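Morning, everyone. Please bring up the structure, and I'll walk you through a few spots.

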Amino acid sequence: MLRPSTRLVTRRTPIFRTLLLGSTQNGSRSFASATRSIFPDEPTATSVTTDLPGPASKAAKDEMARVQDVRAVNMMIDYDKSLGNFVADADGNVLLDVYAQIASIAIGYNNPALLKAAQTPEFAKALMNRPALGNFPSKDWAHVLEDGLLSVCPPGQDKVYTAMCGSCANETAYKAAFMYYRAKERGGYEGQEFTAEELSSCMMNQAPGSPELSILSFKHAFHGRLFGSLSTTRSKEIHKLDIPAFDWPVADFPQLKYPLAENEAANEAEVDRCIAQVDETIKAWKSKKPVAACIVEPIQSEGGDRHAPASFFQKLQKTLKDNNVLFIVDEVQTGVGATGKFWAHEHFNLPSPPDMVTFSKKFQAAGWYFNNPELVPNLPYRQFNTWMGDPIRALQARVLVQEINKHDLVNQTQAVGSRLFAKLEELQREYPTHLGDLRGKDRGTFIAWDLPTGQHRDAFLQSMKKEGVLIGGCGAKSVRLRPTLTFDDSHAKILVDAIRKVASSTSL
């Protein structure tokens, strides 16, 4: 649902900062009191008393297998007993969760503010009377957006299009880019009329009504699993096999060398190589399938937590502008505070805002931000579906914003992540093979490292689970941390102790 913001956008102003930040003996800040104030009854330790999976989990999985494919199931969860940063399984085992539903739980399990909001008449009525938002939005829909999603929009953005998930957020952003491109070719939307040939040919999936245009993405990228978004996904073969795809261009994403401080010149040369390739690719495709937009993740998450320096994104934006290609930043996994800024691309000091910023996961809601009114098509129903988002999720996002601001959780994530990274660097010096290419410094808790092979990585994840920590993988051989924003120093200690125990007992 499109709604322009009619009030001043609220930036992330910390509330109660002095009350929530205690001092440790070494002078650094401690955020444990903030999380403890949210979850006073949160467990203080993990507890694994059965095999994983245990008998109750196996029984629940077998029951589920009668009606659904269970081969991807990681754990059978008891959500009644999960709290804060700890997740309980069907057997009563309690694990520290630093994976958080594939990076989508922002403020912890059974957060009391969300539970309280869910019991209000506003939530109940939104749940019982789900509208077709494009036709029948509630009378206060604009205020719901302004008080929630739009109150933390990325710098320079002031409009939002709501969608159902990260994949369809990207999918509809692509559609906007294509319609914008064609409008520019026709001289703009003013007085625009479609030709009879365009109207008839599009019904046959033929040009000129269905034009030969493309979206540029990067190797190892993940942007979703729908047809357009899957065509720009390049992370794992299993995602794409047997699915017809658009013939769209791809460019190299920088492959950085670590440690970063020892490889600055080589990494900057790699940035320049990739930017030159982007420019060459756009020009080469101009004559066959012109590139309408380029989409990029601030950190290639599913592809292995692949980082690039700010210079890459600054040069990429300039190259795209020079070639009249729209710049889409995919913040589905990186957004909403996980990197120590509300939006990860804020780390890059871009000279101007991206054309579109897509979001989902931690926000529960999904969609994309923008500021150019020309990204709105000239006619209704060109960018449309029945739901166009979900009011319940927008209301949930509003509570998330309030709680993140109230407890200063973005700053907490940055500070806790900085101390955690320092501890992991110590572990890396002790166990360099277990924590190869440690990355994510100054990116909050958005941290990852590599093991020698995918098999070693998978074994590490299983060993960590037995030690009471649920942790995730990505890419071919990487381990990734994706805790909630309420993850604090006490949780970090549990995590580091478990990593040390697994590393010390495993020869690689």
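Which side chain of opposite charge is nearest to Arg306, and how many Å away is it? Keep in mind that this is a predicted model. The nearest one is Glu270, at 6.4 Å. A salt bridge needs the two groups within 4 Å. So Arg306 has no salt bridge, and yet Arg306 is buried.

Where does Arg306 sit? Look at the loop between strand S9, residues 291–296, and helix H13, residues 310–322. Now its surroundings. Set aside the neighbours within four places in sequence. Arg306 is then in contact with His220, Phe253 and Pro254, and also with Gln255, Ile299 and Gln300.

Next, the cysteines. How many disulfides does the structure hold? The count is 0. Take Cys165. Its closest cysteine sulfur belongs to Cys168, 3.3 Å away. The cut-off for a disulfide is 2.5 Å, so that pair is too far apart for a bond.

Last stop, the surface. Which residues make the nonpolar patch of about 300 Å²? They are Phe227, Ile243 and Phe246. Find Phe246 in the loop between helix H11, residues 237–240, and strand S8, residues 250–251. Phe246 counts as partly exposed, with 46% relative accessibility.

Methods: Residues numbered from 1 in each chain as written. Predicted model: local features only at pLDDT ≥ 70, side-chain atom pairs only at ≥ 80, totals over all residues. Heavy atoms only, no water. Helix = DSSP H or I, 4+ residues; strand = E, 2+ residues; numbered from the N terminus. Buried < 20%, exposed > 50% of the residue type's maximum accessible area, 1.4 Å probe, protein only. Lys, Arg positive; Asp, Glu negative; His and termini not counted. Contact = heavy atoms within 4.5 Å. Patch = residues over 30% accessible without salt bridge, like charges linked within 9 Å, V, L, I, M, F, W, Y side chains within 5 Å. Areas by Shrake-Rupley, 256 points an atom, 1.4 Å probe, with all protein chains shown as cover.
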